[in-house]
Amino acid sequence: MNYQYPLDETWSKQEIIDVVNFFSLMEKAYESKVNKQNVLAVYNRLKEIIPSKSEEKKVFAAFEKESGYSSYKVVKKARETNEELFSMK
């Protein structure tokens, strides 16, 4: 990983940890398999930190630009899949 996660310096230490956990799970979805319920749980926590849809889109776009991984597609697949474990491969 040669990029940085999009973080906001106004977030608390715990919020930064939770956002890093979210993006780490997004990477894992592309690199191996993730648990559907874990994805939905970390996304729900992210929504508590970033309640604004427009701000969420900015953060997702910044992450995708840096990593090539779409958080939106991972969350969408987690919502739609019937599988407990899934991958974006």
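1. Let's start at Ser71, which sits in helix H4. Keep in mind that this is a predicted model. Ser71 has a relative accessibility of 1%, so it counts as buried, the cut-off being under 20%. Leaving aside residues up to four places away in sequence, its contacts are Phe22, Phe23, Met26, Phe60 and Phe63.

2. Phe60 and Phe63 bring us to helix H3, where both are buried, along with Glu56, Val59 and Ser67. These residues lie on the same side of H3, because they cover an arc of only 100° around the axis.

3. What do the buried residues of H3 pack against? Their partners are helix H1 (13–31), helix H2 (36–49) and helix H4 (71–80). Over on the other side of H3, Lys57, Lys58 and Lys65 are exposed.

4. As for geometry, H3 runs over residues 53–67 and reaches 21 Å from first C-alpha to last, close to the 21 Å expected for its 15 residues. Just after H3 comes Gly68, with a positive phi of about 85°.

5. Zooming out, the chain has four helices and two strands, in the order α-β-α-α-α-β along the sequence. Of the contacts with a separation of 6 or more, 64% are between residues 24 or more positions apart.

6. On overall size, the radius of gyration is 12 Å, which agrees with the value near 12 Å for a compact globule of 89 residues. The C-alpha trace spans about 35 × 25 × 20 Å along its principal axes, and 42% of the residues count as buried.

Technical notes. Residues are numbered from 1 along each chain as its sequence is written. This is a predicted model: local features need pLDDT of at least 70, side-chain atom pairs count only at pLDDT 80 or more; totals for chains, interfaces and linings use all residues. Side-chain values use heavy atoms; hydrogens and water are left out. The expected span of a helix is 1.5 Å times one less than its number of residues. Buried means under 20% relative accessible area, exposed over 50%, partly exposed in between (1.4 Å probe, protein chains only). The arc is that of the directions from the helix axis to the C-beta atoms. Contact means heavy atoms within 4.5 Å. The radius of gyration is taken over C-alpha atoms; the globule rule is 2.2 Å times the number of residues to the power 0.38.
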